[in-house]
Amino acid sequence: EENMEGGDTADRYNIPDQWRYTYPLSEPAVFDLTYFDCRGRGQPLRWILLDTGLEFTETVISAWESWPAMKQKVECSGHFGMVPILRGPNHLNLSQTLPIAHYLAKKYDYYGADTSFEGQAFCEALSSTAYDDISAGVYLSLFLAATSPKGTDFQQTFKETMERSDGLLKRIETLLGDKDYFCGGDKPSIADFFVFEAFDIVSSVFGKEKYTDFPRLIAHAQRIQSRPRIKEYIDANKTPDRYTVATGEAEVIKIMRTIPRS
């Protein structure tokens, strides 16, 4: 039986009021997700949690204001002083994006139709590729450019990031084939949410008009966006406006959108 202490989710974890943001809940929250006020490494987890239909709270923190103090408190910053953090049943206090996703996949059946060890390994490998090799690469380029001294030239970095992402997205689209979801079945796997986020990041940052030659990924994105809880979230404009915690990212994105695709 899962051990959930009584009271509000954030109260259970001693999270100060200024570090909390709670969605309206119809029932007690199962999980609390702690992350910065941006998409970054937390957004794939938001998609997964939304799709489960479970109630959850978010502790949304400012990287430059709240986080330095919060990081010093183990009860707030987790075992490793890193976010995202998922807190929940049985004293769960889990850090890092991919381990959290794997936990949710195992607990709520988000590995797709093939639940063998090999099927799960493929799902995790695809998730890792979309997250580590596409999303994180774009975010790193964007963050470094936004936080570097003005006048620093990142054109070559942006071009290399775009080319690497393009190559991987083409391979990933081939893997989808004629399926609705990458790992089969009648609902998304965690891999679908990581690919969805990666494709959206790349096309949004470099310019959606440049990515019309990915018909299967576009159709796949539309399927994910039509999932009831995700559609509700998007329609309510709850998706964070910023991709990273860098305050100067908007100007950098303008430059990134001038990079032509090969």
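Helices, of type H or I and at least four residues long, and strands, of type E and at least two residues long, are taken as DSSP runs and numbered from the N terminus. On this basis, the predicted model contains 11 helices and four strands in its chain. Of the 262 residues in the chain, 52% are buried. Among contacts with a separation of 6 or more, 72% are between residues 24 or more positions apart.

The four strands form an open sheet of mixed pairing, in the order S2-S1-S3-S4. Its edges are strand S2, residues 56–61, and strand S4, residues 92–95, each of which pairs on one side only. On average, neighbouring strands of this sheet are turned by 15° against each other, direction ignored. Strand S1, residues 31–36, pairs with S2 in the parallel sense over six bridges. Within this pairing, aspartate 32 has threonine 57 of S2 as its bridge partner, and leucine 33 has glutamate 58 of S2. Although S2 is an edge strand, five of its six residues are buried, and the strand is thus described as mostly covered.

Apart from neighbours within four places in sequence, serine 95 is in contact with Gly78, His79, Phe80, Met82, Pro84, Ile85 and Ile100. One of these contacts, Pro84, is placed in the loop between helix H4, residues 74–77, and S3. The peptide bond leading from valine 83 to proline 84 is cis, with omega near 10°.

Helix H2, residues 43–52, lies across S1, S2 and strand S3, residues 85–88, and runs at about 160° to S1. H2 is mostly covered, with nine of its 10 residues buried. These buried residues are Gln43, Pro44, Leu45, Arg46, Trp47, Ile48, Leu49, Leu50 and Asp51. Their cover includes the strands S1, S2 and S3, together with helix H5 (97–108), H8 and helix H10 (228–235). Glycine 53 follows H2 and has a positive phi, near 85°.

In soluble globular proteins, nonpolar side chains tend to be buried together. In the present model, the largest nonpolar core has 64 residues, of which Phe31 and Ile190 touch the most other members. Helix H8, residues 190–206, gives the most to this core, with 12 residues. Leaving aside neighbours within four places in sequence, isoleucine 190 is in contact with Ile48, Ala101, His102, Ala105, Tyr110, Tyr111, Cys123 and Ser127. One of these contacts, Ile48, is among the buried residues of H2. A second, separate core of 11 residues includes Tyr35, Phe36, Trp67 and Met70.

A further packing arrangement involves helix H6, residues 117–147, and helix H11, residues 249–256, whose axes come within 9 Å and cross at roughly 115°. The crossing of H6 with H11 is right-handed. On the side of H6, the contact is made by Val138, Leu142, Ala145 and Ala146, and on the side of H11 by Glu249, Val252, Ile253 and Met256. By class, the residues of this contact comprise seven nonpolar, no polar and one charged.

Positive phi values also occur in loops, at residues other than glycine. Histidine 91, which is not a glycine, has a positive phi of about 60° and is found in the loop between S3 and S4. With a relative accessible area of 55%, histidine 91 is exposed, because the limit for exposed residues is over 50%. Asparagine 237 likewise has a positive phi, near 55°, in a residue other than glycine. Asparagine 237 is found in the loop between H10 and H11, and its relative accessible area of 67% places it among the exposed residues.

Technical notes:
Residues numbered from 1 in each chain as written. Predicted model: local features only at pLDDT ≥ 70, side-chain atom pairs only at ≥ 80, totals over all residues. Heavy atoms only, no water. Pairing = 2+ DSSP bridges. Axes fitted to C-alpha atoms, helices over the stretch in contact; angles between N-to-C directions. Contact = heavy atoms within 4.5 Å. Core = buried A, V, L, I, M, F, W, Y, C linked by side-chain atoms within 4.5 Å. Buried < 20%, exposed > 50% of the residue type's maximum accessible area, 1.4 Å probe, protein only. Left-handed = near helix turned anticlockwise from the far one by under 90°. Nonpolar A, V, L, I, M, F, W, Y, C, P; charged D, E, K, R; others polar.
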